[in-house]
Amino acid sequence: MIILKDLHKTYAGERVVHALRGIDLQIPAGKIFGIIGQSGAGKSTLIRCINGLEKPDQGEVIFNGINISQLSPKELRKTRKKIGMIFQHFNLLSSRTVFDNVAFPLEIAGMTKEKIQHKVRELLELVGLGDKEKAYPHQLSGGQKQRVGIARALANEPQLLLCDEATSALDPETTTSILQLLRRINEEMGLTIVLITHEMPVIQEICDDVAVIEDGKIKEYGPVIDVFTKPQASATKRLLGGSIESQIPAELLQQINGQTDKERIFAKLSFVGSSAHEPIISSLLKNYDVTVNILFGKIDQMKSVPFGMLLVEMRGEAQRLNEALLFIREHDVEMEVFMNE
């Protein structure tokens with residue numbers, strides 16, 4: 001669907017800003033792909049290069065086999081009809097009703113009034129605003145405004161939907177409802193969605209894959225469950241901040257350091273996917289004659305995949321402890337055993 005090759009973008013001024021520095025990325029069709037980074041990382045520049053609003057200084061943006069950066073203005077306008085865009089601050093026309101805001105791109109495309117009426121009402125039903133077509137933007141909540149923006153972005157039946165911080169101006173409950181709508185659109189319409197944000201929970205909630213951008217470079221990318229549970233780049237670890245990575249409190253690590261012996265060990269157990277539902281702890285207690293004390297833990301879910309971490313203290317005879325550790329490893333549970341220093 002989208003291939004970015006060696007993308008560079010620099011802004012000149014009092015201070016030269018290198019917004020993008022050699023971006024290489026592939027975004028597969030039909031997926032919800034997240035791009036996450038702090039403010040100033042290059043997210044917005046990257047998404048504007050994808051839809052042709054910005055022309056890169058170097059590199060290529062390939063959309064469905066077409067090099068967007070080499071298109072003439074006329075060809076670019078035609079290609080953009082297949083790329084929808086929703087914004088953080090909605091960008092609705094205040095003098096137009098909900099119906100007219102959604103109809104606007106169809107009017108520009110030259111669609112007949114009869115077809116516009118049918119299409120707009122179909123879209124408003126899709127986003128849950130069938131009863132708001134005569135309302136004006138100032139009469140809507142933030143979530144309703146964003147739903148109008150989504151309906152408008154879908155008007156020309158795009159193949160790609162770009163979301164630029166689409167939930168940043170919304171409260172948590174409204175954010176959840178908008179993300180659920182985007183997920184439904186992706187599943188029912190097969191629409192590719194690229195979502196840029198600085199919010200980790202947004203990526204965690206609906207994205208299939210994620211790229212971490214910092215200082216204009218892609219630091220890490222892959223399936224969300226892999227990037228968030230096994231982060232490699234320091235930029236990813238900073239963004240996670242321990243909330244999803246489930247880092248053990250430093251105070252607790254200090255308490256257990258040096259307390260291990262042949263009949264007492266501490267271990268960090270990490271569960272992903274089906275292993276999160278396995279009765280590992282109860283099996284240890286039942287079959288291996290060891291005692292298990294849970295010192296710290298966290299269970300969460302990423303899209304439909306559960307994951308979690310437990311810090312446990314295990315006591316028992318040395319042989320039984322070794323057998324218990326072998327049992328854990330055989331059940332696809334990642335384990336880190338804390339040893340005496």
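Arg 183 is partly exposed, its relative accessible area being 23%. In this predicted model, Arg 183 forms a salt bridge with Glu 205, and the closest N and O atoms are 3.5 Å apart.

## Other salt bridges

The count of salt bridges comes to 17. One of them joins the side chains of Lys 230 and Glu 334, at 3.0 Å from N to O. This pair also links distant parts of the chain, 104 residues apart: Lys 230 is in the loop between helix H8 (224–229) and helix H9 (234–240), and Glu 334 is in strand E14 (residues 334–338). Lys 230 has a relative accessible area of 38% and is therefore partly exposed. For Glu 334 the value is 44%, so this residue too counts as partly exposed.

A network of salt bridges links Lys 9, Arg 48, Glu 54 and Asp 57.

Arg 96 forms a salt bridge with Glu 107, with 3.0 Å between the closest N and O atoms. Arg 96 sits in the loop between E6 and H3, while Glu 107 is in helix H3, 11 residues apart. Glu 107 is partly exposed, with a relative accessible area of 37%.

Arg 96 is also in contact with Tyr 136. Tyr 136 is placed in the loop between helix H4 (113–126) and H5. Beyond its neighbours within four places in sequence, Tyr 136 is in contact with Ser 94, Ser 95 and Thr 97 as well as Arg 96. The C-alpha atoms of Tyr 136 and Phe 99 are 9.0 Å apart in space, and the two residues are 37 apart in sequence. Tyr 136 has a relative accessible area of 32% and is partly exposed.

## The largest pocket

The largest pocket holds about 690 Å³ of space. It is lined by 18 residues, of which Arg 80, Ile 83, Pro 105, Ile 108 and Asn 156 are the closest to its centre. Two or more lining residues come from each of helix H2 (73–80), strand E6 (83–87), helix H3 (98–108) and helix H5 (142–153). E6 gives the most, with 4 residues.

By residue class, the lining of the largest pocket consists of 10 nonpolar, 4 polar and 4 charged residues.

Methods: Residues numbered from 1 in each chain as written. Predicted model: local features only at pLDDT ≥ 70, side-chain atom pairs only at ≥ 80, totals over all residues. Heavy atoms only, no water. 1 Å grid on protein atoms, 1.4 Å probe; cavity = no way out; pocket = protein on both sides within 12 Å on 5 of 7 lines; lining within 4 Å. Points joined across faces, edges and corners; volume = space filled by probe spheres on them. Nonpolar A, V, L, I, M, F, W, Y, C, P; charged D, E, K, R; others polar. Buried < 20%, exposed > 50% of the residue type's maximum accessible area, 1.4 Å probe, protein only. Contact = heavy atoms within 4.5 Å. Salt bridge = Lys/Arg side-chain N within 4 Å of Asp/Glu carboxyl O.
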